Amino acid sequence: MKKILVIQQKMIGDVLASSILCNNLKTAYPDAQIDYLIYPFTKPVVENNPNIDNLLLFKEEFRKSKKALLHFLVSIRKTKYDIVIDAYGKLESNLVVGMSGAKKKIGFRKSYTNFLYTDTFRALSKPKTSAGLAIENRMLLLEPFSSKIPFDNHPKIFLTEEEIKNGKEILTKNNIDFSKKVYMIGALGSGNNKTYPFPYMAKILDAIVAKTDATLLFNYMPSQSKEAQQIFELCQPETQKNIKIDIVPGSIREFLSITYHCNALIGNEGGAVNMAKALYKPTFTIFSTWIKKEAWNAFEDGSDNVSVHLKDLKPELYGKKSAKEMKDQAMKLYEAFTPELIIPELESYLEKN
């Protein structure tokens with residue numbers, strides 16, 4: 001039986017994206033042991049995935065204690081993996097690859113770490129399909145493998161029947177009217193420079209309610225309740241009546257179980273959008289002014305999955321610079337990313353979703 005280790009020590013969206021490696025490896029080698037090395041906080045998006053045999057958690061203590069890190073690396077070596085696939089490509093994963101003792105070690109091509117790997121692949125700079133660069137580059141790492149069944153590039157989240165039932169019960173207890181559309185709103189990004197300005201977001205929510213009379217749920221952590229309340233208070237009174245701001249998921253899995261019953265997720269680009277797509281839920285994404293859209297606009301089809309980016313609407317503000325090169329001007333660029341630029345596209349989207 002082959003033992004395969006997949007490494008992706010990063011954020012939720014990255015861990016979800018790289019889970020396609022586990023899914024496809026299990027297709028190619030159904031009897032293999034597929035282990036997935038991730039950070040503990042990202043665990044909820046890959047729980048119950050039948051294609052992953054073991055989740056290995058890279059704990060914070062491994063960064064603080066050389067002794068703890070060494071003990072972990074020794075445990076990796078003792079497992080005797082046949083294949084290690086490194087989708088992360090940073091020092092932490094380089095150490096795991098180097099200590100693994102695996103015969104086949106696959107990663108991305110970098111001049112200073114190529115000696116660690118048996119197979120390396122140069123990351124694409126432009127997408128070739130609607131899957132986007134984040135997905136396409138990970139699929140490159142599967143090139144050394146063959147399968148009678150075509151590989152599947154769509155990340156998936158696996159909810160239990162109990163979780164799906166629980167999500168419905170939460171909404172029912174909060175008197176959600178399912179005869180109307182229900183939208184999950186990604187009102188807040190993971191940081192200020194990834195969050196659409198509050199007054200602008202309020203106008204977006206006003207437009208949604210005016211167009212659809214939908215019920216809006218806010219996706220935010222308890223620590224963000226103050227910011228969520230600020231957005232709520234900026235909305236028109238008629239919009240506020242349609243926002244169920246008190247429904248706060250107690251965990252990521254609970255958020256997923258609630259989103260499962262929504263018509264779509266609308267809001268800031270980030271982990272929540274990627275999770276919704278993995279549940280095969282429609283998404284309307286507002287990209288941060290400095291995030292590279294072509295990396296994370298996966299499976300856009302102009303219908304179920306749509307996104308807007310300031311660079312597409314006002315390219316003159318960027319000149320020849322990439323979005324990422326404008327990171328230090330992100331907040332100033334947000335001022336130009338007015339709701340009036342987004343609402344026409346959004347209203348067209350709402351007619352279909």
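A cavity, on a 1 Å grid over the protein atoms alone, is a set of points where a 1.4 Å probe fits but cannot get out, and its lining residues have an atom within 4 Å of a point. Grid points are joined across faces, edges and corners, and a volume is the space filled by probe spheres set on the points.

I note that this is a predicted model: local features need pLDDT of at least 70, side-chain atom pairs count only at pLDDT 80 or more, and totals for chains, interfaces and linings use all residues. Residues are numbered from 1 along each chain as its sequence is written, and side-chain values use heavy atoms, without hydrogens and water.

**Cavity.** I searched the whole structure and found one cavity of 30 Å³ or more. The largest cavity has a volume of about 110 Å³. I listed its 15 lining residues; closest to the centre are Ile135, Pro155, Asn274, Trp296 and Ala298. I then sorted the lining: 11 nonpolar, three polar and one charged (Ala, Val, Leu, Ile, Met, Phe, Trp, Tyr, Cys and Pro count as nonpolar, Asp, Glu, Lys and Arg as charged, the others, Gly among them, as polar).

I checked Leu25 beyond its neighbours within four places in sequence: Leu25 is in contact (heavy atoms within 4.5 Å) with Ile4, Val6, Ile34, Ile85, Leu142 and Phe145.

How values were computed
On a 1 Å grid over the protein atoms alone, a cavity is a set of points where a 1.4 Å probe fits but cannot get out, and a pocket is an open set with protein on both sides within 12 Å along at least five of seven lines; lining residues have an atom within 4 Å of a point.
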